[in-house]
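Subject: Structure handover

Hello,

Here is the structure you asked to look at. Please open it first, and then read the notes below beside it.

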Amino acid sequence: MNTLYRLSEKIKTELQSNTLINTVSYGDIEDIDLDKQTIFPLAHVNLTNAIIRSSSVEVNVSILLMDIVDISKSEDVAYFGNDNEHDVLNSMLAAATKTVQELHRGNSYAEGFHLEDDANCEFFTDRFENKLAGVSLTFSVNIQNSADLC
């Protein structure tokens, strides 16, 4: 049974093909050097839990999509402030939307990965030490159980 590997690879491939993402990482976010500015925009994948059913497994996925917020030296403070936080939130929401749409449409369904319900996005800013902003994308994937019983 290698369904979790196939799911992880599918998500990684979709994120790597997204032009709004520079780096894709997996695992504990504490293991990622978030001070390294060359990795952004970053998509960080975490598999949160699974529900085993009689003929399928539902895997819950969480992806942090984030970028660095640049502060302008200009004194001109418009509606959105003197940084690009709103631009970052917009770009990361677009990256999340593209990821979900590709998983819904692409070859995912034929490969046995069925997204359950709608995906959820939660915006964040200043969640980490350096000024980062983005979205936390969560969704569930239903995978047909391929485990052989003896």
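**The largest pocket**

The residues that line the largest pocket divide into four nonpolar, one polar and four charged. This comes from a predicted model, as does everything below. The lining is made up of Ile29, Glu30, Ile32, Asp33, Leu34, Asp35, Phe128, Glu129 and Asn130. The space in this pocket comes to about 170 Å³.

**The chain as a whole**

The protein chain has two helices and five strands. Read from the N terminus, the order of these elements is α-β-β-β-α-β-β. The chain has 150 residues, of which 41% count as buried. Take the contacts with a separation of 6 or more: 59% of them are between residues 24 or more positions apart.

**The sheet**

In what order do the five strands of the open sheet lie? The order is S1-S2-S3-S5-S4, and the pairing is mixed. Strand S1 (23-26) and strand S4 (113-125) each have a single partner strand, so they stand at the edges, with one side of each left without a neighbour in the sheet. On average, neighbouring strands are turned by 20° against each other, direction ignored.

S4 pairs with strand S5 (residues 132-144) over ten bridges, in the antiparallel sense. Within this pairing, Leu115 has Val141 in S5 as its bridge partner.

Both helices pack on the sheet. Helix H1 (residues 3-16) touches S1, strand S2 (42-52), strand S3 (56-68), S4 and S5. The direction of H1 makes about 30° with that of S3. Helix H2 (residues 85-105) touches S3, S4 and S5, and the direction of H2 makes about 10° with that of S5.

**Strand S3**

Is S3 enclosed or open to the outside, and why? Of its 13 residues, 13 are buried, so S3 is largely enclosed by the rest of the structure. In a regular strand the side chains alternate between the two faces of the sheet. In S3, Ser56, Glu58, Asn60, Ser62, Leu64, Met66 and Ile68 point one way. Val57, Val59, Val61, Ile63, Leu65 and Asp67 point the other way, and the residues of both sets are all buried.

S3 also has pairings to follow in the viewer. S2 and S3 run antiparallel and are joined by ten bridges. A hairpin of three residues leads from S2 to S3.

Thr99 is a residue of helix H2. Is Thr99 buried or exposed? The relative accessibility of Thr99 is 2%, and buried means under 20%, so Thr99 counts as buried. Leaving out residues up to four places away in sequence, Thr99 touches Leu15 and Asn18. The C-alpha atoms of Thr99 and Leu137 are separated by 9.6 Å, while the two residues are 38 residues apart along the chain.

Regards

Terms used: Residues numbered from 1 in each chain as written. Predicted model: local features only at pLDDT ≥ 70, side-chain atom pairs only at ≥ 80, totals over all residues. Heavy atoms only, no water. 1 Å grid on protein atoms, 1.4 Å probe; cavity = no way out; pocket = protein on both sides within 12 Å on 5 of 7 lines; lining within 4 Å. Points joined across faces, edges and corners; volume = space filled by probe spheres on them. Nonpolar A, V, L, I, M, F, W, Y, C, P; charged D, E, K, R; others polar. Pairing = 2+ DSSP bridges. Helix = DSSP H or I, 4+ residues; strand = E, 2+ residues; numbered from the N terminus. Axes fitted to C-alpha atoms, helices over the stretch in contact; angles between N-to-C directions. Contact = heavy atoms within 4.5 Å. Buried < 20%, exposed > 50% of the residue type's maximum accessible area, 1.4 Å probe, protein only.
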